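Here is a short briefing to read alongside the structure.

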Amino acid sequence: MTNLPERSVITLAPFLELIETRLGLKIPAKDYATLRHKLAQRLQSHSLRDPSSYIRLLSQDDRVAEQEWSVLATQLTNIESYFFRDQGQFALLRDRLLPELIERNRPQRRLSLWSAGCSMGAEPYSLAMLLTQLLPDIAQWDCRIWGTDINPAVLAQAKTGVYPAWSLRGVDATVRSHYFTSYLQGGYLLDPKIRDGVQFELFNLATGELWTNGGVDLILCRNVFIYFSQQAIARALYTLSQALRPGGYLLTGHAELYNQSLPGLNTQLFPASLVYQRNSTPADCAQPPSEAIPPSFHPLPNWLRPAAPPVRLLQFKHSTSTPAPFNRRPLSSSPQPPTLEIIAALLQAAQISLEQKDYTAARQYLQQLLNQDPQNFDGHYLQAQLEANIGNYEQAQQWCEAALQLQPLSIAIYYLWADIATETDHTEEAKRLLKKIIYLEPAEIAAYYALRSIYQQENQTQRVQKLDAIALKLLASLPPDHQLASPLNMTVAQLRERLTQ
Ligand SMILES: C[S@@+](CC[C@H](N)C(=O)[O-])C[C@H]1O[C@@H](n2cnc3c(N)ncnc32)[C@H](O)[C@@H]1O
């Protein structure tokens, strides 16, 4: 067990601060236990026992830290997205904002659109589709569409243009058949002309660094700020407002900027959405927020900086005389997307379906996933969860066993299996599994609590007291208002009170 991190609860405060500073993310208290698991796994994968060594690693300005932040960005961001998400906003774009921008820019025939926090590309691709509909002479225009994100995995996926059916749930049949071709089992390949019309880049919105000084006509930055701290929103708003051309528009998710000061931006209220418009005089634009570079701010690793000035080749300007759009290339000529990315997309689709209790869809996605990657651990875990959710306990257990063959130390599987054992009245089995979790993660308060609950039902008072004493000792290192995650779902103070009653 030498590779396991220190057997104490990882103190989250310095990690929360670092994550906020570097990624902008404010991790909610309900996710603290998950974060702690993820951090413990990261420590383990670097063979570190001491959390402060991991903080030192993250604070370095070298390749190792760069890669580690890349892994954390991938693990900590919510990447939920789909085509034409928010029909109201897209109708507003189609009927009002884009036509206005097109008319305004007609003399120069140029247009710049930016989807900031674009996830797997559904958002900038939806914009590209709208633009091709609104601009019949698009080939004569200098149109640039960027999709940027902090998560390199979603950008890799975006570039393939391959999506599971779930990502097309906001798309009607006509649009679907116009822009997509069936691809692999149940997947869809985006029209390569649309795909090649968007340029994807890594860009971190949370640093207050400039992406470009003016020049962008429209920015979509939706469902990103809900995960940000107030300071990170202020830094990002500075970046976004500076990127906009005077008169350019910014759309966010609804109410994401509630109570936020808006640097250089005016608001316009449409029935479908609030829209922010850059002041016409650049001088009106705000200074960078003072928090943009906090005193403890470490220089950002290169990968979190804008890769290059965003001067991109015109994507829709075809040299061919065939009018754009939709002169589709035959499927065989499109590059084969890397399997890994398809797997990531299938996994995400399965997870979302499971959360939404759409078990038929979840089963289909998992089947496709495991056909392509039979050894996929996450696929096994989700399949076990799916079977357990619908009461197929025997199958759920078999999937747990198979998953443990792949990752013998996964406490997530042991928890799930212990739940199944409890649910099916196999109490001794549940105890064995909970003890295994404690062996693997001696600071797992939830496991002590679950075990003591079983002993309590059996009136094994001494055992209950012993476990309570350990749990209370672990709780002593946490602040009283610290929220313990599922399955505990209570604060430290509440659990302490329950254990001492
Ligand atoms: C929930 S998705 C929203 C995707 C899309 N905008 C939509 O509304 O469908 C949020 C995206 O923001 C990205 N993100 C989170 N923090 C970021 C940051 N600091 N800089 C850039 N992107 C970030 C995530 O990686 C994720 O892809």
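This is a predicted model: local features need pLDDT of at least 70, side-chain atom pairs count only at pLDDT 80 or more; totals for chains, interfaces and linings use all residues.

**Confidence first**

Residues are numbered from 1 along each chain as its sequence is written.

**More on confidence**

- Residues 1-7 also have pLDDT under 50, and the model has 14 contacts beyond four places in sequence for them.
- For the protein, the mean pLDDT is 83, and 86% of residues reach 70 or more.
- Confidence is highest in strand 7, at 98, and lowest in helix 11 (residues 339-355), at a mean of 74.

**Overall make-up**

- The protein has 19 helices and twelve strands; these are DSSP runs numbered from the N terminus, with helices being H or I of at least four residues and strands E of at least two.
- Of the 501 residues, 42% are buried, where buried takes 20 or more other C-beta atoms within 10 Å of a residue's own, exposed 12 or fewer, and partly exposed lies in between, with C-beta atoms placed from the backbone.
- Among contacts between residues at least 6 apart in sequence, 69% join residues at least 24 apart.

- Seven strands make an open, mixed sheet in the order 6-2-1-7-8-10-9, where two strands pair if DSSP finds at least two bridges between them.
- Strand 6 (198-202) and strand 9 (265-269) are at the edges with a single partner strand each, so one side of each has no neighbour in the sheet.
- From one strand to the next, the twist averages 20 degrees; axes are lines fitted to C-alpha atoms, for helices over the stretch in contact, and angles run from 0 to 180 degrees between N-to-C directions.
- Helix 7 (residues 152-160) packs on the sheet, touching strand 2 (142-149) and strand 6, and its direction makes about 165 degrees with that of strand 6.
- Strand 7 (residues 216-221) and strand 8 (residues 244-252) pair in the parallel sense over five bridges, and Cys 221 stands opposite Thr 252 in strand 8.

**Positive phi in two loops**

- Most residues other than glycine have a negative phi.
- Ser 119 has a phi near 50 degrees and lies in the loop between strand 1 (110-116) and helix 6 (122-134).
- Asn 459 has a phi of about 55 degrees and sits in the loop between helix 17 (445-457) and helix 18 (461-475).
- Ser 119 is buried, with 26 other C-beta atoms within 10 Å, whereas Asn 459 is exposed, with 8.

Technical notes. Two residues are in contact if their C-beta atoms, placed from the backbone, lie within 7 Å. pLDDT is the predictor's confidence in each residue, from 0 to 100.
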